[in-house]
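Hello,

Here is the structure for you to look over. Notes on the salt bridges and the confidence follow below.

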Amino acid sequence: MTSADSLVYIVDDMVVAPGRGRAFLAAYLECYAPGATARGLTLDRVLVSPPVWLEDESNTVTVTWTVRGAREWWRQSLLARHDAEVLRWWAGADEFLTSRRRTVSCSSADVEAVADV
C-alpha cells in the first residue's frame, strides 16, 4: 500500500454553547463544508451528542472528513491555512463554541505508508 492509497481522517470535535447546536451545524454545513470539499476533503459523517438538540446544555458536534494519503492531507491543509475565508469562518465560529479540537489519524495498518512522505 502506498501513502496515496491510505485514508486519512480529519475529525473536528466542537462543543457548542447551550441552545446553539442546531444553528451552528447548519452554518458549518452551509459555510465551511463547501470550501473543505473544494480543497479535496470528503465529508464522512456528522455526529451530534447527545442525540437531541439541547437548549440549556451544550451539544458536541463531531464531523469526520477523509482524504486519500499524506500528500493530499498536506495539500488541503496548506490551502486552508492560507485561505482568508477559512480563517474568517473559524473566527466567527468561535462565538458559537465553548471548545473545539481537530485530530488527524489513520488506520494503524496505514501509519507506515502515511508517514513515508
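**Salt bridges and confidence**

Arginine 45 and aspartate 44 pair through their side chains in a salt bridge, with 2.9 Å from N to O. The term stands for a side-chain nitrogen of Lys or Arg within 4 Å of a carboxyl oxygen of Asp or Glu. Arginine 45 is partly exposed at 46% relative accessible area. Aspartate 44 is partly exposed too, at 35%. (Buried is under 20% relative accessible area, exposed over 50%, partly exposed in between; 1.4 Å probe, protein chains only.)

This is a predicted model: local features need pLDDT of at least 70, side-chain atom pairs count only at pLDDT 80 or more, and totals for chains, interfaces and linings use all residues. Residues are numbered from 1 along each chain as its sequence is written, and side-chain values use heavy atoms, with hydrogens and water left out.

The salt bridge count is 6. Among them is glutamate 72 with arginine 75, closest N and O atoms 2.9 Å apart. These two sit 3 residues apart in helix 2 (residues 69–81), so about one helical turn separates them. Glutamate 72 is partly exposed at 30%, arginine 75 at 35%.

Another pairs arginine 100 with aspartate 94, at 3.2 Å between the closest N and O atoms. Arginine 100 is partly exposed at 42%, aspartate 94 at 39%.

On confidence: mean pLDDT (the predictor's confidence in each residue, from 0 to 100) is 93 for the chain, and 96% of residues reach 70 or more.

Best wishes

Definitions and conventions: Helix = DSSP H or I, 4+ residues; strand = E, 2+ residues; numbered from the N terminus.
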